[in-house]
Each structure stands twice: as structure tokens, then as C-alpha cells.
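This report describes selected features of one protein model. Please examine the sequence and the structure shown below before reading on.

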Amino acid sequence: QVQLVESGGGLVQAGGSLRLSCAASRSTVNIYIIGWSRQAPGKQRELVARISSGGSTNYADSVKGRFTISRDNAKNTVFLQMNSLKSEDTAVYYCNTYGSMTSSFALGSWGQGTQVTVSS
């Protein structure tokens with residue numbers, strides 16, 4: 001099982017940007033669909049973006065047009081570029097593997113995530 005470690009979170013003002021990284025322990029991660037999800041206090045986890053091994057992507061409506069998911073297979077890393085951040089984007093962000101581009105069922109265990117806090 002591939003292990004994923006999230007990083008890049010922080011405190012940013014509304015309208016600002018952050019780039020999150022999801023680093024994998026093995027190059028075999030490149031064959032997997034990777035997704036970013038987030039969980040705000042008191043709310044359910046929300047899957048916000050997925051990327052296939054070939055680079056196809058999809059997004060939740062809540063982030064479409066503001067977030068971009070990408071991957072660098074040479075570095076075994078998936079990124080989430082977040083622009084035009086809003087206070088409602090405040091959450092802990094996690095990455096995980098998924099079985100398909102339409103599945104919201106994560107295949108791996110959850111890591112510690114990375115905290116994103118957007119101040120208004």
C-alpha cells in the first residue's frame with residue numbers, strides 16, 4: 001500500500017493562494033487515481049478534486065474554477081493549487097487513492113492532513 005503525506009497548509013487571507021502537496025512513498029502511486037478531500041470542524045469530509053494517472057481531472061462545484069489538481073510523476077507528488085481562497089475553504093485537507101474518477105470511496109488509510117485556515 002502506498003503511503004501519502006500531505007503538506008503545504010497554512011494561514012492565508014481571503015483571496016489568497018496556497019499550494020498543497022501530497023507526496024507518495026513509492027513511484028507506483030503514478031498508476032493511482034489521487035484525490036484531495038477536506039473536512040471542516042463539525043462537517044463531513046468533502047472530496048474536492050481527483051486526478052487520474054493520465055491527468056484527467058474533476059472537481060467539486062464548490063472549488064471549480066479556483067482549485068487546480070496536478071501531478072508530477074517524476075516526483076511521485078500530487079499538488080492542489082488553491083486560488084481565490086474563501087473562509088469556507090478552511091479545513092484539514094487530505095489526499096488518498098480512489099478506485100475510479102467517480103468514486104468517493106477512499107482506498108487507503110487517512111493521514112494527518114494539512115490545515116488550511118483562511119481569514120476574512
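Which residues does S21 touch, not counting residues up to four places away in sequence?

## Basis of the report

This is a predicted model, in which local features need pLDDT of at least 70 and side-chain atom pairs count only at pLDDT 80 or more, while totals for chains, interfaces and linings use all residues. Residues are numbered from 1 along each chain as its sequence is written, and side-chain values use heavy atoms, with hydrogens and water left out.

## Residue S21

S21 touches V5, E6, S7, W36, T77, V78 and F79, with residues up to four places away in sequence not counted; contact means heavy atoms within 4.5 Å. S21 belongs to strand β3 (residues 18–24). Strands are DSSP runs (E, at least two residues), numbered from the N terminus. S21 has a relative accessible area of 17% and is therefore buried (under 20%; exposed is over 50%, partly exposed in between; 1.4 Å probe, protein chains only).

## Residue S7

S7 lies in strand β1 (residues 4–7). Its relative accessible area is 36%, so S7 is partly exposed. Beyond its neighbours within four places in sequence, S7 is in contact with R19, L20, S21 and T114.

## The sheet

Strands of a sheet pair through backbone hydrogen bonds, either parallel or antiparallel. Here, four strands form an open sheet in the order β1-β3-β8-β7, with antiparallel pairing; two strands pair if DSSP finds at least two bridges between them. The edge strands, β1 and β7 (67–72), each pair on one side only.

Strand β7 is joined to strand β8 (residues 77–82) by six bridges, and the two run antiparallel. I69 stands opposite L80 in β8.
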